[in-house]
Amino acid sequence: MLRKEFSVDKLKVKVYDNRQSMGQAAGVEAVAYLKELLAAQDEVWAIFGAAPSQNEILAALVAAEGVDWSRVHAIHMDEYVNLAEDAPQGFGNFLRRAIFDRLPFASVEFIGSMGDPQEKMERYTALLEQHPIDVVFMGIGENGHIAFNDPHVADFNDPVRIKKVDLDLKCRQQQVNDGCFASLEEVPEYALTLTVPTLFSGRRLFCVVPAPTKADAVRATVEGPISEVCPATVMRLHDNAVLYCDSDSGKYIL
């Protein structure tokens, strides 16, 4: 059940009783938007973020009926550098399990965790320059990051579409808190990430953020100054972005 709905600057914020109702509501609205796009154009290009916070909306997308996924192209948002390609913690592998192997997408573009980062960035840059993004499915990190744009590397005017970044301590600790790694030492120190302008370029942003560990980041996103100190605040400048929270992540803004 929806507990509270309001706007801050351009950003719409919706807080639900629990993460299941949050994810289901976000999924219903996302499916409606996908159908609207597919009725108006031949194909859709969508960016997908990978994290446990996305479980509910991804499940809702998989269960939805009436979406012609054969005309939807999927792009993978970020990936660790030098993590074994078959590692279960890899974001591409997470998305394979959650959605990419479960729906008949027109194509799926993976960044990949092994190999030359420069080659990967050049390939993704060419892809993104050819295909404007219709929709972005994303979350917010405990430090306010979007994708792997942590505060110390985020740039609202980044000149590149994808870049290699070092991950800050809070970001790496979140991967342990989420149960993805057993210890901080196991978490890779570097990643490739789509930049803030690339995410912002999406025609519509669905940002799904459950759990009490995200409450401070949600409050900073909604109430703090718009700056790279909390990269997620950039959504308040977007014409068509919605932040979906549960009562735990949204407890400070209810």
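**Contacts, core and helix packing**

Leaving aside neighbours within four places in sequence, Phe-105 is in contact (heavy atoms within 4.5 Å) with Phe-48, Trp-69, Ser-70, Val-72, Ala-74, Ile-99 and Phe-100. The model is predicted, so local features need pLDDT of at least 70 and side-chain atom pairs count only at pLDDT 80 or more, while totals for chains, interfaces and linings use all residues. Residues are numbered from 1 along each chain as its sequence is written, and side-chain values use heavy atoms, with hydrogens and water left out.

Phe-105 also belongs to the largest nonpolar core, which has 48 residues; Phe-105, Phe-48, Leu-58, Leu-61, Ile-99 and Phe-137 touch the most other members. Such a core is a set of buried Ala, Val, Leu, Ile, Met, Phe, Trp, Tyr and Cys residues joined through side-chain atoms within 4.5 Å, where buried means under 20% relative accessible area with a 1.4 Å probe, protein chains only.

Ile-99 lies in helix 3, where Phe-91, Phe-94 and Phe-100 are also among the buried residues. Helix 3 spans residues 91-100, and eight of its 10 residues are buried. Helices here are DSSP runs of H or I with at least four residues, and strands are runs of E with at least two, numbered from the N terminus. The buried residues of helix 3 pack against elements including strand 3 (44-48), helix 2 (55-63) and helix 5 (169-177).

Helix 2 also meets helix 1: residues of helix 1 including Met-22, Ala-26 and Val-31 meet Glu-56, Ile-57, Ala-60 and Leu-61 in helix 2.

Note on methods:
Buried < 20%, exposed > 50% of the residue type's maximum accessible area, 1.4 Å probe, protein only.
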